[in-house]
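Subject: Structure handover

Hello,

Here is the structure for your files. My notes on what turned up follow below.

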Amino acid sequence: MMIKKALLALTLLGGTGVAMADTYFADMQEEIPPQPKATNLGYFAPRDLSEIPKGAFGDKIRKGYELFVNTQQLNGRSVGNQLNCTNCHLDAGAKAYAAPMWAAYLAYPAFRKKNNHVNTFAERVQGCFNFSMNGKAPAIDSPELVAISAYSYWLLMGGLLDMFGMQKTAVPELSDTALQQGGNIDDFKLPGPLSDKVKLDKRGQMPGRAFAKLDKTDQAPSPERGAKIYAEHCALCHAEDGQGIKMADVTVLPPLWGAQSYNWGAGMHRVNTAATFIYENMPLGKAVQLKPQEAWDVAAYINSRERPQDPRFEGDVAATAKQYHADDDGFYGKEVEGEILGTKAFPATTVK
Amino acid sequence: MRNLIIASGLLTLMAATAQAADIPTEAQQCVTCHGDKGQGTAQGPMIGGMSEQYLDAQIENFIAGRRNNTLMTLMAQSLVDLPARKIALSYFAAQGSPLKGQLRGDKIALSGAEKLYYQGDLKRGLPACYSCHGPAAVGGGSFPRLAGQQADYLAEQLIAWRKLERSGDHDNTMGHIAAKLKEDEIKSLATYLSAIQ
């Protein structure tokens, strides 16, 4: 317990101070370079949910899964929009090139050169709550973050054990503190032939991680052309007005812009991130429906609508754009259809 | 005694008339096969509680030949008066009992059809049916309510998707998904969904 407290204190010390907090947040949704699509992905698959072990450790994993597919149970507390983790991390965070949690888990802690700060896995998940969920992240040692970390760890470790013929081997239990760290530390033992072989600097490159590379097309992404693509291919599920579809008062198909979607600081607000996600994964259950140019265009359309404000905004869109969006492939602070995007943004972080 | 019987007979008749009067004239022609509340009969599937948008799209699909059923195609071809069609469809859309919505993640250790519905099958690229048909298969927007639908009808439709005898879904997404379903999965999905109350 003493050790746990000490570690917590260390973590907190690393993140205190206003300036530190600013740079810390600045980088939370840092872009991960997309990778060329691997051809030999077929073999990695997480274990079936029914194999989550009984007992306290298994309970954390189960809780993580529940939060992942029904994040709305935190609406009003940590979640300020109508999204669920699984809306972007498809198949409950298990699908390759839809930002799978098994690959993300292995990649953290990750050092971010922009802020000189090493983000643990749990800290990275906090970023998702603050931006993608337009909410306020639960504390690092909260049951929610421990649960999401445990679930992500289990996806990774179970899949790796199976890959090397160790189907009967239980996923080793980790302490809450270790779970929050992620798999990119010396202490994190990879199973089978991978043990001692995968260097730390390679752990962020698991095939299937993040999103697949989608080459730039000849024409610059056009919201105008994208509007037509949206009406033709996307509106039936996400609605003409981008607000998704509710069934029995539950948001089933996610809103893509507006007050109930991800905010201007979320990674998905970047046109390149959205384009590759859409190209690779939409429509759900079919995928690779659009031509690359169409994916770029429709991503530009979706990401040039107003959405909740960037939580780092301090009253001046131009200043926020300059400080946080200078290298972005996004529309924040830019003029589209006669309006500077961000000037009519919806409130950021609507939860108390 | 005799008076009582007559009186009760009258009451029954009045009740029946009142019930029939609740159904707009425009919807009367659908009742024979689909039931007075769209609950379905031996002649036709459940349409009650489906969204207007979905029902309307199906009429168009029958007219265009993207769905095939001799009787329904003829019926659909007669439904050209769009305002009248809308009245009929909104009547049926307003029917259907509310469902106790089982949310994704409420249960984890699932098997068979329920597992496919709430979790899909990653290895075959099958998304959870829930992603589009919603909690307890209640449906909405362009997606049909599946809960309580006749099992035979559901199985028939999934097979029709597979055999390319039914189309009209957007970008052939449902056709693509149905093609991956195995014979026994279709059966168990149909049974599971029809039992949802």
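The lining of the second largest pocket divides into 25 nonpolar, 10 polar and eight charged residues. (Ala, Val, Leu, Ile, Met, Phe, Trp, Tyr, Cys and Pro count as nonpolar; Asp, Glu, Lys and Arg as charged; the others, Gly among them, as polar.) This is a predicted model: local features need pLDDT of at least 70, side-chain atom pairs count only at pLDDT 80 or more, and totals for chains, interfaces and linings use all residues. Residues are numbered from 1 along each chain as its sequence is written, chains are lettered from A and ligands numbered from 1 in the order in which they are written, and side-chain values use heavy atoms, with hydrogens and water left out.

The second largest pocket holds about 770 Å³ of space. On a 1 Å grid over the protein atoms alone, a pocket is an open set of points where a 1.4 Å probe fits, with protein on both sides within 12 Å along at least five of seven lines; lining residues have an atom within 4 Å of a point. Grid points are joined across faces, edges and corners, and the volume is the space filled by probe spheres set on them. Of the 43 lining residues, H89(A), A99(A), R124(A), F211(A) and T273(A) are the closest to the pocket's centre.

Three elements of chain A give two or more residues each to this lining: α5 (101–107), α6 (121–130) and α10 (271–281). The largest share, five residues, is from α6(A). (Helices are DSSP runs of H or I, at least four residues; strands are runs of E, at least two; both are numbered from the N terminus.) Domain 1 (2–205) and domain 2 (223–340) of chain A each supply at least three lining residues. Those bounds come from an automatic or database domain assignment.

Now helix packing. The axes of α6(A) and α7(A) (residues 143–163) come within 10 Å and cross at roughly 115°. Axes are lines fitted to C-alpha atoms, for helices over the stretch in contact, and angles run from 0 to 180 degrees between N-to-C directions. So α6(A) is roughly perpendicular to α7(A) (65 to 115 degrees; under 35 is roughly parallel, over 145 roughly antiparallel, the rest oblique).

Last, the backbone. The peptide bond from Y108(A) to P109(A) is cis, with omega near 5°. P109(A) sits in the loop between α5 and β1 (110–112) of chain A. M282(A) and P283(A) are also joined by a cis bond, with omega about -10°.

Best wishes
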